[in-house]
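Please have the sequence and the 3D view open while reading.

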Amino acid sequence: MPLPVPEDTFSGGLPDREGASTQETFELFSAMAPKGWRVELIEGEIYVGPPANGEHEEIVTEVVEQVIAHRVDTALRNFTGIGLSLPGTSDTVRVSPDLVIAPKGSFDDQREWHAPDAVLLVAEVTSSSTAGRDRVQKIRAYARAGIPLYLLIDREAGEAVVCSESDGDDYAHKSVHKLGTQVPLPAPLGFPLDTAAF
């Protein structure tokens with residue numbers, strides 16, 4: 001379900017945009033959202049969410065630190081706050097994953113939204129307001145875009161899900177692991193993610 005936008009977010013009121021397309025409305029919300037808020041467009045729905053809480057950010061940081069410590073390819077970089085423009089069934093999908101792993105230089109331009117071609121892994125850490133999208137719509141969006149690996153840290157379910165081998169609107173392989181265990185990540189990362197701190 002789309003998140004409501006607090007009334008005081010738009011102190012001057014929303015401009016009259018009767019007849020605006022979903023894409024135009026998304027652009028308006030993106031431009032007017034408070035700093036730190038995330039605005040995403042997935043399967044024709046616009047979602048607006050507040051900044052993540054501390055526990056969420058601790059988990060993202062822990063994944064980043066482990067990737068840095070274990071990566072074999074030193075050209076790989078960790079990106080947070082990167083906007084991805086993905087193919088959708090009708091409209092373009094606009095998402096900002098919690099973590100993106102791609103080669104150095106993949107996003108060295110001035111654009112806000114980037115093609116997913118260089119992305120090797122996306123990761124999402126659920127919250128109560130995003131868990132449904134992270135488990136369903138984002139799996140479809142990331143698979144459709146051909147992103148090789150999707151790591152879902154599902155705090156509500158107490159699981160880490162590793163999705164690999166994108167095939168149409170889904171991933172052919174999904175492995176589910178309880179949080180607190182070692183989670184094997186396929187190549188190009190190829191190391192066990194220790195989720196004990198999650």
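The model is predicted. Helix α4 spans residues 137-144 and is mostly covered. Lys138, one of its buried residues, forms a salt bridge with Glu40.

**Helix α4**
- Six of the eight residues in α4 are buried.
- These buried residues are Gln137, Lys138, Ile139, Ala141, Tyr142 and Ala143.

**Salt bridges of Lys138**
- Between Lys138 and Glu40, the closest N and O atoms are 3.0 Å apart.
- Lys138 belongs to helix α4 and Glu40 to strand β1 (residues 38-42), so this pair ties together parts that lie 98 residues apart in sequence.
- Lys138 and Glu40 are both buried.
- Lys138 also meets Asp134 in a salt bridge, at 3.8 Å from N to O.
- Asp134 has a relative accessible area of 2%, and Lys138 has a relative accessible area of 2%; each is buried because its value is under 20%.
- A network of salt bridges links Glu40, Glu124, Asp134 and Lys138.

**Other salt bridges**
- The count of salt bridges comes to 11.
- Among them is the pair Arg111 and Asp109, with the closest N and O atoms 3.0 Å apart.
- Arg111 is exposed, at a relative accessible area of 51%.
- Asp109 is partly exposed, with a relative accessible area of 30%.

Definitions and conventions: Residues numbered from 1 in each chain as written. Predicted model: local features only at pLDDT ≥ 70, side-chain atom pairs only at ≥ 80, totals over all residues. Heavy atoms only, no water. Buried < 20%, exposed > 50% of the residue type's maximum accessible area, 1.4 Å probe, protein only. Helix = DSSP H or I, 4+ residues; strand = E, 2+ residues; numbered from the N terminus. Salt bridge = Lys/Arg side-chain N within 4 Å of Asp/Glu carboxyl O.
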